[in-house]
Amino acid sequence: MKVVQFLIVLLALASSVAFAYDPSPLQDFCVAINDTKTGGIYGVFVNGKFCKDPKLANAEDFFYRGLGAGDTANPLGSKVTAVTVNEILGLNTLGISLARIDFAPKGLNPPHTHPRGTEILVVLEGTLYVGFVASNQNDNRLFTKVLNKGDVFVFPIGLIHFQQNVGYGNAVAIAALSSQNPGVITIANAVFGSKPPISDDVLAKAFQVDVKIIDFLQRQFWYNNS
């Protein structure tokens, strides 16, 4: 009997631990409001999107037409076409999305992170050089691989990663992500193209270079391929 009671207590504790956490964020931030009337003036948001009455849902809520080739005629030679909850409303609360990535020869999907999702990528056409960088506690170790048609690679959540077309023709990949809204932070754009800009003194010290180099980088046009 004591064994049974112990098991019940243990299961209860495990259950309480399992449910005692905040839901994962589905956007960059969700600032709390104390006065819902005031909040109504500016718009009240939820962590994710409001749900319609299930009785009113239809097939169009779970459909996206024509995930075609993206325009790679840009400075990076790549184009990311995302299909998230913003494109398919039925993805709300389902914790998944995808993206098509098109590459011109030598095209690059530059170093970036997804703050809210792990990415698994499959190459449909071409040859890609891909990699990710581990966190500081793992000495910023670089993991790389050359992928050919049919190969699959995983980029863990939040880690900086990239893909580059190293073949002679165009390349295409499909990426699935473990969030309805995984987000993307392109490193160069965020560091050198933030609005307003980060202090050049801060960046010069962080990168251990002359302020003039930082000023030059901040004057560049940082293209967004997504």
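**View 1. Where helix α4 meets helix α5 in this predicted model.** Asp200, Asp201, Leu203, Ala204 and Phe207 in α4 meet Val211, Ile214, Asp215 and Gln218 in α5, contact being heavy atoms within 4.5 Å. By class, the contact residues comprise five nonpolar, one polar and three charged (nonpolar: Ala, Val, Leu, Ile, Met, Phe, Trp, Tyr, Cys and Pro; charged: Asp, Glu, Lys and Arg; polar: the others, Gly among them). Helices (H or I, at least four residues) and strands (E, at least two) are DSSP runs, numbered from the N terminus. Residues are numbered from 1 along each chain as its sequence is written. Local features need pLDDT of at least 70, side-chain atom pairs count only at pLDDT 80 or more, totals for chains, interfaces and linings use all residues, and side-chain values use heavy atoms, with hydrogens and water left out.

View 2. Pro196 sits in the loop between α3 (187–192) and α4.

**View 3. Asp139 and its positive phi.** Take a look at the loop between β5 (128–133) and β6 (142–147), where Asp139 lies. Phi of Asp139 is near 60°, a positive value in a residue other than glycine.

**View 4. His114 in its loop.** You will find His114 in the loop between β3 (108–113) and β4 (119–125). An unreviewed UniProt entry places the feature "binding site" at Asn109, His114 and Glu119; UniProt positions follow the numbering used here, feature names are shortened, and annotations may be inferred rather than shown by experiment.
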